[in-house]
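Please examine the sequence and the three-dimensional structure shown below. The paragraphs that follow lead from the strands to the ligand site and then to a loop residue.

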Amino acid sequence: MEEFCKSLPKVELHAHINGSVSEATIQKLLAKKKNSDQQFSFKKGSTGTLKECFEKFRLIHQLTDNTESVYQVTCDVIHEFHDDNVKYLELRSTPRAVQDTGMSRESYVESVLRAIQDCGDLDIIVRFLLAIDRRNGVKVGWETLRLAQKFQKSHGDLVVGMDLSGDPSVGDARDYLPVFREAQKSGLKLALHLCEIPAPEETMEMLTLPPDRIGHGTFLHTEAGGNQQFENTVLKNRTPLELCLTSNLIGQTVPNLDNHQFKFWYEKEHPCVICTDDKGVFSTSMSEEYQLAASTFDLKQRDLWNLSEQSINYTFCEENVKEKLRDQFKVYKSKMEEQFNIKL
Ligand code: 5GP
């Protein structure tokens, strides 16, 4: 299965840039920072709470406090996904301003987009979502939307949507509803972290937007303490769920993988997309996430193929790009059938 998952062409739709930074890149960034005695370790099995994960993001942000580092991290992350046979990648990141280094939210986004363009020769299609961190307040939310609109005009092929993320125990997602409604009117797609922790008050209203995809959705369904209305709405809208096994295990939002929400939605034949979330912080890769899904939920090679290929339907790119990907996947399919001597 390991070889199969590595060879499988994959679609990654939920990857936070700073959470995806590898240890190799961290070392490069540390070497550039004088007087830094920070210690980083993203070793597998180092579980913690979601709060502890957020502490890691804070440390990484200290290293990516300038446009050069943001550019470097984005390039490295794209190369690493490419090397893992990811053929389509949607990156998301929170534009950050750092006064000391002169980085503005705008120059942050410019660096990300420049990195994406400079990786244009690689056999991987990359798109970008601007993220709103719910800890930063609505004013910054509006600012992020304005940036998204601006870059949508100048880089319409690359900027495809917006994300809502950040510590789910802080603030109220409903405060951002007007921002997301306007984003929708501008033609930006919405991938929102919802119900990562039980959040009955905010969830129903956020679902009315409706989002184009949901990140995690751990506590949406009744079995996990959600409610029937959430479950019905998500099923009726067929809103794809971005599911990140290792992340949820390490962040301890699920007690074990057997009880991961993947099982519930997958058995209902609901759109599910396997993603890494933060491949650096959680020390994982797309190939490993597919392997984990296979071993936990007893999925066969054909099931994995279908999961990967169907993910194309849930991307935020233009229809002609989806078509191109589907054509590419047809070619990969015959190659994989030959390589593994199976009918996919
Ligand atoms: P960045 O946006 O700086 O590129 O990536 C790191 C940020 O992504 C974190 O500070 C956090 O706001 C968000 N993030 C990464 N992983 C998660 C997650 O599992 N849940 C939530 N809610 N936010 C996350």
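Ile-132 has Leu-164 of strand β4 as its bridge partner. This pair belongs to the parallel pairing of β3 with β4 (residues 159–165), which extends over six bridges; two strands count as paired if DSSP finds at least two bridges between them. Strands (E, at least two residues) and helices (H or I, at least four) are DSSP runs, numbered from the N terminus. Between β3 and β4 the chain passes through helix α6 (residues 137–154), and this β-α-β crossover is right-handed.

The model is predicted: local features require pLDDT of at least 70 and side-chain atom pairs count only at pLDDT 80 or more, whereas totals for chains, interfaces and linings use all residues. Residues are numbered from 1 along each chain as its sequence is written, and side-chain values use heavy atoms, with hydrogens and water left out.

Strand β3 is also joined to strand β2 (residues 86–93), to which it runs parallel, by six bridges. Within this pairing, Glu-90 has Arg-127 of β3 as its bridge partner. Together with helix α5 (residues 105–118), β2 and β3 form a right-handed β-α-β unit.

How many of the residues of β3 are buried? In this strand (residues 125–133), nine of nine residues are buried, that is, under 20% relative accessible area, where exposed is over 50% and partly exposed lies in between (1.4 Å probe, protein chains only). In a regular strand the side chains alternate between the two faces of the sheet. In β3, Ile-125, Arg-127, Leu-129, Ala-131 and Asp-133 point one way, and Val-126, Phe-128, Leu-130 and Ile-132 point the other way.

An N or O atom in the side chain of Ser-93 is 2.6 Å from a ligand oxygen atom. For Asp-277, a polar side-chain atom lies 2.9 Å from an oxygen atom of the ligand.

Ser-186 is located in the loop between α7 (177–185) and β5 (189–194). Its relative accessible area is 25%, so Ser-186 is partly exposed. Apart from neighbours within four places in sequence, Ser-186 contacts Gln-149 and Gln-152, contact meaning heavy atoms within 4.5 Å.

Methods
A crossover is right-handed if, with the strands pointing away from the viewer, the path from the first strand over the helix to the second runs clockwise. A polar contact is a pair of N or O atoms within 3.5 Å; within protein, one must be able to donate a hydrogen and the other to accept it, and residues adjacent in sequence count only if both atoms are side-chain atoms.
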